[in-house]
Amino acid sequence: MATEPIVTIEQVKAMGFRGIDGLSDQVFDTCILAATEMIQRVNAPRIYIAPAAAAAEDYNGAWCHGDSASHEWLSLSNYPIISITAVTEDGAAVTFGSDYTAYNTLDAWVDMARGKIRKAAGWAFGFANIVVTHRSGYTDESLVPWDLKQAAGALSILFYRVVQSLGHDSIQRGDGNVSLVNDLPQIYQDAIFRHGPVGRTICR
């Protein structure tokens, strides 16, 4: 699946970064995509711009969040949840509303409830025994949180300066070392990790 940028050239230019006068839009477009890909690698399995169609994913019931006895919570690989087409547990269908509920926002009593589904009776223990068919992520670049956009903008500037220092007119995407994120000011690093997987522990 092709990576969709989470920030635009116009937005990055408006952020007031220094040293980007006269930048090539064509090269910078690639830098923005490279920055988006790097952030998604750091925060895998999150994909910020939602895929066009729902996909089925296996989850391990034994590793769900929640009380060790009940295992009520299941963290999906991505958020926000757009739609859940089907949920099965040990091959049997689980019904929305009567069997489980879905959460997309921060909850007062559960740490980072976004992107989770809760089954009050508890999920059955097992490995790859729960299958959730869902579509999750932001439906449009404009919905991506601004602090994450700023982090992507700052990272794309780092990519662009690397290109300039090497005297190249393009960048090879996909090969960047994620340690480049460590060169960002802490405020941008914090933003990247803030929008990572739920609790940074995925029940998979």
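1. Start with helix α2. Of its 18 residues, 13 are buried, so the helix is largely enclosed by the rest of the structure. Keep in mind that this is a predicted model.

2. Next, check the length of α2, which covers residues 25–42. At 1.5 Å a residue, its 18 residues should span 26 Å. The C-alpha atoms at its ends lie 25 Å apart, which agrees with that expectation.

3. Now turn to strand β3, residues 81–89. Which way does β3 run against strand β7, residues 130–136? The pairing is antiparallel, and seven bridges make it up. To find one of these bridges by eye, locate S83; its partner in β7 is R135.

4. Strand β3 also pairs with strand β4, residues 92–93. This pairing is antiparallel too, with two bridges. Here T88 sits opposite A93 of β4.

5. Finally, look at S77. This residue belongs to the loop between β2 (73–75) and β3. Is S77 buried or exposed? Its relative accessibility is 4%; buried means under 20%, so S77 counts as buried. The S77 side chain also has a polar partner: it makes a polar contact with the side chain of E57, at 2.8 Å.

Conventions:
Residues numbered from 1 in each chain as written. Predicted model: local features only at pLDDT ≥ 70, side-chain atom pairs only at ≥ 80, totals over all residues. Heavy atoms only, no water. Pairing = 2+ DSSP bridges. Helix = DSSP H or I, 4+ residues; strand = E, 2+ residues; numbered from the N terminus. Buried < 20%, exposed > 50% of the residue type's maximum accessible area, 1.4 Å probe, protein only. Polar contact = N/O pair within 3.5 Å; in protein donor to acceptor, adjacent residues only side chain to side chain. Expected span 1.5 Å × (residues − 1).
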